[in-house]
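Me: I would like to go through this model with you. Could we start with the loops and then move on to other parts?

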Amino acid sequence: MKIGVLALQGAFAEHRKILELLEAESFEIRQKRDFEAQPADGYILPGGESTVMGKLLRELDLFEPLQSVISQGIPVFGTCAGLLLLAKSIENDPSVYLGAMDIVARRNAYGRQLGSFAVDGTFADQGIIPMVFIRAPYIQDWGGQVEILSQVNGKAVAARQRNMLVTAFHPELTNCTTVHQYFLNMIKRSRCTHE
């Protein structure tokens, strides 16, 4: 299994460390040729600044290749800014990036004062995990095909729709491998249905 990790900014190295713990091979995508050089079984869109990442995706000609693999059903996992990149719309921002997931997100939803915080919360049917939020969004609204996997203080902070997984928090900034293992399991099931 090989995972392509978008490495334009954000905690991409931390994602790769978690994948290494789970014995999953990964590589960094910095340019279109990295994307084209080797096919991946899944992709991770890390946190960072969504407006900068969206701009870089277009400038580096990575926007359409990413949209294409998502529409083909290749699993993709977006954390924080990655959630914003995948969202169909952003409540407090006119920008739409990949627009692939039927969610409406609110960026910097917890305000600048709270900025970042950590809590323990339930993720899917996987039990309680540590969650680190850094100027995080949350999911304000969602369509019927979206499954909410986590809520914190009544706000949806993790979701899945078909081949797409998003978290408003940063699982890569903890020692917990639960969310990444969930994503790898999505990939395994996806590969079985495509074979």
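**Loops, a helix, a strand and a pocket**

Reply: Glu 23 sits in the loop between α1 and β2 (25–29); helices (H or I, at least four residues) and strands (E, at least two) are DSSP runs, numbered from the N terminus. This is a predicted model, in which local features need pLDDT of at least 70, side-chain atom pairs count only at pLDDT 80 or more, and totals for chains, interfaces and linings use all residues. Residues are numbered from 1 along each chain as its sequence is written, and side-chain values use heavy atoms, with hydrogens and water left out.

Me: Is Glu 23 buried or exposed?

Reply: Glu 23 is exposed, with a relative accessible area of 76%. Buried means under 20% relative accessible area, exposed over 50%, and partly exposed in between (1.4 Å probe, protein chains only).

Me: What is the phi of Glu 23?

Reply: Phi of Glu 23 is positive, near 60 degrees, in a residue other than glycine. Asn 153 also is not a glycine and has a positive phi, of about 50 degrees. Asn 153 lies in the loop between β10 (147–152) and β11 (155–161), and its relative accessibility of 70% counts as exposed.

Me: Back to α1: which of its residues are buried?

Reply: In helix α1 (residues 12–21), the buried residues are Phe 12, His 15, Ile 18 and Leu 19. They lie on the same side of α1, because they cover an arc of only 120 degrees around the axis; the arc is that of the directions from the helix axis to the C-beta atoms.

Me: And what does the face turned away from the buried side carry?

Reply: That face of α1 carries the exposed residues Lys 17, Glu 20 and Leu 21.

Me: New topic: where is Thr 167?

Reply: Thr 167 belongs to strand β12 (residues 164–167) and counts as buried because its relative accessibility is 0%. Not counting residues up to four places away in sequence, Thr 167 touches several residues, among them Phe 77, Cys 80, Phe 123 and Val 179; contact means heavy atoms within 4.5 Å.

Me: Last one: which residues are closest to the centre of the largest pocket?

Reply: Of the 13 residues that line the largest pocket, the closest to its centre are Gly 48, Cys 80, Asn 108, Ile 134 and Arg 135. A pocket is an open set of points on a 1 Å grid over the protein atoms alone, where a 1.4 Å probe fits, with protein on both sides within 12 Å along at least five of seven lines; lining residues have an atom within 4 Å of a point.
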